[in-house]
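Morning, everyone. I have one model to walk through today. Please take a look at it before I start.

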There are 4 protein chains.
Amino acid sequence: MSDWILTLSCDNRPGIVAAVAGRLAALGGNITEAHQFDDAMTGRFFMRVAFELEAPVEALEEGFAEDVALFGFDWTLRPAGAPRRVLILVSKFDHCMGDLLYRTRIGELNMEVAGIVSNHPSEVLNLTLHNGIPYHHFPVTRENRREQEARIKAVIEETGAELVVLARYMQILSDEFAEYLSGRCINIHHSFLPGFKGAKPYHQAHERGVKMIGATAHYITGDLDEGPIISQDVEHVSHADTPDDLVRKGRDIERRVLAQAIAWHIEDRVLLNGSKTVVFPK
Amino acid sequence: MSDWILTLSCDNRPGIVAAVAGRLAALGGNITEAHQFDDAMTGRFFMRVAFELEAPVEALEEGFAEDVALFGFDWTLRPAGAPRRVLILVSKFDHCMGDLLYRTRIGELNMEVAGIVSNHPSEVLNLTLHNGIPYHHFPVTRENRREQEARIKAVIEETGAELVVLARYMQILSDEFAEYLSGRCINIHHSFLPGFKGAKPYHQAHERGVKMIGATAHYITGDLDEGPIISQDVEHVSHADTPDDLVRKGRDIERRVLAQAIAWHIEDRVLLNGSKTVVFPK
Amino acid sequence: MSDWILTLSCDNRPGIVAAVAGRLAALGGNITEAHQFDDAMTGRFFMRVAFELEAPVEALEEGFAEDVALFGFDWTLRPAGAPRRVLILVSKFDHCMGDLLYRTRIGELNMEVAGIVSNHPSEVLNLTLHNGIPYHHFPVTRENRREQEARIKAVIEETGAELVVLARYMQILSDEFAEYLSGRCINIHHSFLPGFKGAKPYHQAHERGVKMIGATAHYITGDLDEGPIISQDVEHVSHADTPDDLVRKGRDIERRVLAQAIAWHIEDRVLLNGSKTVVFPK
Amino acid sequence: MSDWILTLSCDNRPGIVAAVAGRLAALGGNITEAHQFDDAMTGRFFMRVAFELEAPVEALEEGFAEDVALFGFDWTLRPAGAPRRVLILVSKFDHCMGDLLYRTRIGELNMEVAGIVSNHPSEVLNLTLHNGIPYHHFPVTRENRREQEARIKAVIEETGAELVVLARYMQILSDEFAEYLSGRCINIHHSFLPGFKGAKPYHQAHERGVKMIGATAHYITGDLDEGPIISQDVEHVSHADTPDDLVRKGRDIERRVLAQAIAWHIEDRVLLNGSKTVVFPK
């Protein structure tokens, strides 16, 4: 018995679930978890199915090819337990990176960290947790951005990283690089988007006098603060909180929001729906 | 086209989803929402399927009878938009009752209030919202409990109430009556169960010095504070909150927790799983 | 013994607390609750003191006048238990209004509703709770806005209303009227400001694909969505929530955020600090 | 100018605030933050005052001695910025310990970790963050508990540790040791007390079918699950969460609840009030 995860999306029409479930049943597969969503506004259908299968998966793929042709599926099929290769990009603030490494180490996040890339040397970090993980110090200046991004791209391709995480990586990506990373790069933005886009969101929040602050994990697209949102969370703050207090409280929110988004991504629980996401939590 | 909601539970085995989805697909039905859960600890399988069907539902029921026999389904099938008949029991505190009536009036809760039963006359209430809804004042004493419960039972049966809501009904039910109501009666308990069972939970919470208080909506069983939990919520409190402050804050929590549980029940989103519930929110 | 609430703000300097506490102690007053805040960024000091006093309050005011001159206090002094006269403005959505009336009726909000003003006749409302409270139907058109606002102003002045609540009052106020109401008018905005200013915020939120929605209670200034924020709250939402679902979930948030802001205002717990507020919860 | 924090508690009577503020004002002190609480149920008064003072603190202490005699103050006076010496006790689960070390390292928790004591060797931990911090492996058996506790006590006294943190230290303390640590030892309990006292609370929570789980930080007293509560927090869970999922979600709650409690303790924001606490957050 092995475990698989199938995701698919297509234009909605009757019979999709029956087709997929029928294929699985015919091969003796057992569905262990299933989610679906019909977007009535766009007419798109989204599905995630986790299943056990004794038969070789090729048998399933073969028959399934007919359904793909019939329904026009966009689909993925992966073994459930396989760790994902992940590249982490970080600048000076390493609380998110440290949190991800710890969660990986104790088995909470099923991923293999293929490397850490930073525009700063590892000495500026507070953590020594990254022992053994390749650390790439790629300094960036206004002039060398393209070269620096090319170096990151080379690491992604050499390591076969499936996911890139911007764990408080404080550099603006070029449009080309953002496009290259599209759908496989998660950023943590330190505000409750769409409020306080841009720089220094905690200072903006303090200036405006809001009573809650938040963080947002989203996929990267060309517009750094406008990609499809995966998860968000907030906390109450008060008039007595200084910008520094907001930064401190924000660290906790950022860590858990980013870890949540990555966990969902790794388990194929996030499907893209235009500029939005469909998230199927357990 | 009409909309239906199917719920089922049975011992888990491969092929259930395929069987159900196949029946629907064969009749041209379109699944609009589906949830399932395998309880690995008990081996039980739970499913809720919302679907549109042009064919007469009898055609579905006919074929479905075979699956029921094969898989041993416990199942329900209801038209999606049909309002549920609900009887509300209340004592002196009417904030939950008023909230439910308002939500019903604006169409948020798809139910028809078949009547209100109280052990107090309607004059003690703060609300006049119940105009037009039959109000039954059934006083209760230590001696007449059985007779009083018989009167409530008569109202349930005369009105065909499908759900009974204990909206801060401050009377202990007899074991027989609790058994009679089993699985179709929702109580709001003014504590975060299993903490502070029993009387005066807000005073217990204050005495213990907790930093959060909560409320719990659950189905009634013989043990008033031990029935299957449907929904819970909490709020932060501080040392400065008096028991009266906790009561006040609690009212808000109780209202939203009870309304949430009822909304889920009405939409067939809550399935019983022994002493627990399976809840499939939208 | 009677209970009083003193609020004050001034430029910060040593000795303020000693001066105030000394005045009270000299008259045998007993401080029952005290809060203060030094805004390090602006150099302003804010204080709220609740106290019991056996001596006539005039004795306190007399001596206190010296401190006012010395420190340049902006201050208010009110009897603690006196209900505030409040005028409620509403359009078609009456869930906030109904909630406020209920909380007032059961004694949770210490206020006297001086009247309800709407641009719609009372028949469009779902509530009949307002029996006995004067209901003013002042229709508004593009042409008669100033006249309509003049009629509202007349009601405010005739009734001596100290606070005006925009309980989902869906009209843009003129700059003059907003100025007139400045600091004594609370609006509930159905978004988590500063996200989704302007019309139809729930639809904006759905369009953007956010994972949480919120509501904001704030004082009115010229810019309807930019006044000093008093309270905010949010709830998680999912991809499956339609704009209508967001509206429904939003009603719950709006009710509790607005009620909280009004409760704080009534108890003199909110002090203005430029474009922000200082809030001293119990 | 130096910064100080004064806490005091005493039986309530008029004039306390005036006395304290008067002493400070006489020496040119400037109050930067002040909180107070009158417990109407017990007649006790609690106060925390942060202030700047140019004069030597001895001048304050001298005069203040009269007030102490007059009012019967229980009091503490500490320099605001001085780090606290803290001893961390841990067993196998090191997520709380790692979190505390990281927060200390980045300056979020103003403490100096005097050592780590564990009943397991450091090899069982996932962290190497404790480099440089003395690590004491004191194995414990049913027979040697008293000796082991004596060894811990020796470390406390040698290092001058002011606070002991049980960061998921899974050993029952003897009554004598608990008594010895009373008021200066914070435990994180992995449940929302008073629900699920005792062993395996997440498994208990799963068994009961609750819809939220939580964690509780509290001072140690003789009864491990009954000490005065400092902070609590919770998260929603669902029927689909296994006990392992609850353990995983719980780790996040435990980390932030414990860090919050320690931060408050270090800043003298927690005062004991019998079996409860008074907490003055910023």
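This is a predicted model: local features need pLDDT of at least 70, side-chain atom pairs count only at pLDDT 80 or more; totals for chains, interfaces and linings use all residues.

I'll cover an interface and then a sheet.

Start with chains A and C. On each side, 33 residues are in contact: 33 of chain A with 33 of chain C. Together the two chains bury about 2,700 Å². Carbon and sulfur atoms give 62% of that area.

Now the polar side. There are 12 residue pairs in polar contact between chain A and chain C, counting pairs with both residues at pLDDT 80 or more. Three elements of chain A each give two or more residues to this side: helix H6 (201-208), strand S11 (229-236) and strand S13 (276-279). S11(A) gives the most, with 7 residues. By type, the chain A side divides into 16 nonpolar, 10 polar and 7 charged residues.

How many salt bridges join chain A and chain C? The count is 2. Arg208(A) forms a salt bridge with Glu226(C), and the closest N and O atoms are 3.2 Å apart.

On to chain D. Here we have an open sheet of 7 strands with mixed pairing. The order is S7-S6-S5-S8-S9-S10-S11. Strand S7 (135-137) and strand S11 (229-236) are the edges, each pairing on one side only. From one strand to the next, the twist averages 20 degrees.

Look at the S11(D) end. Strand S10 (residues 212-219) of chain D runs antiparallel to S11(D), over 7 bridges. Met212(D) stands opposite His236(D) there.

Conventions. Residues are numbered from 1 along each chain as its sequence is written. Chains are lettered from A and ligands numbered from 1 in the order in which they are written. Side-chain values use heavy atoms; hydrogens and water are left out. Contact means heavy atoms within 4.5 Å. Buried area is the accessible area (1.4 Å probe) that two parts lose on being put together, summed over both. A salt bridge is a side-chain nitrogen of Lys or Arg within 4 Å of a carboxyl oxygen of Asp or Glu. A polar contact is a pair of N or O atoms within 3.5 Å; within protein, one must be able to donate a hydrogen and the other to accept it, and residues adjacent in sequence count only if both atoms are side-chain atoms. Helices (H or I, at least four residues) and strands (E, at least two) are DSSP runs, numbered from the N terminus. Ala, Val, Leu, Ile, Met, Phe, Trp, Tyr, Cys and Pro count as nonpolar, Asp, Glu, Lys and Arg as charged, and the others, Gly among them, as polar. Two strands pair if DSSP finds at least two bridges between them. Axes are lines fitted to C-alpha atoms, for helices over the stretch in contact, and angles run from 0 to 180 degrees between N-to-C directions.
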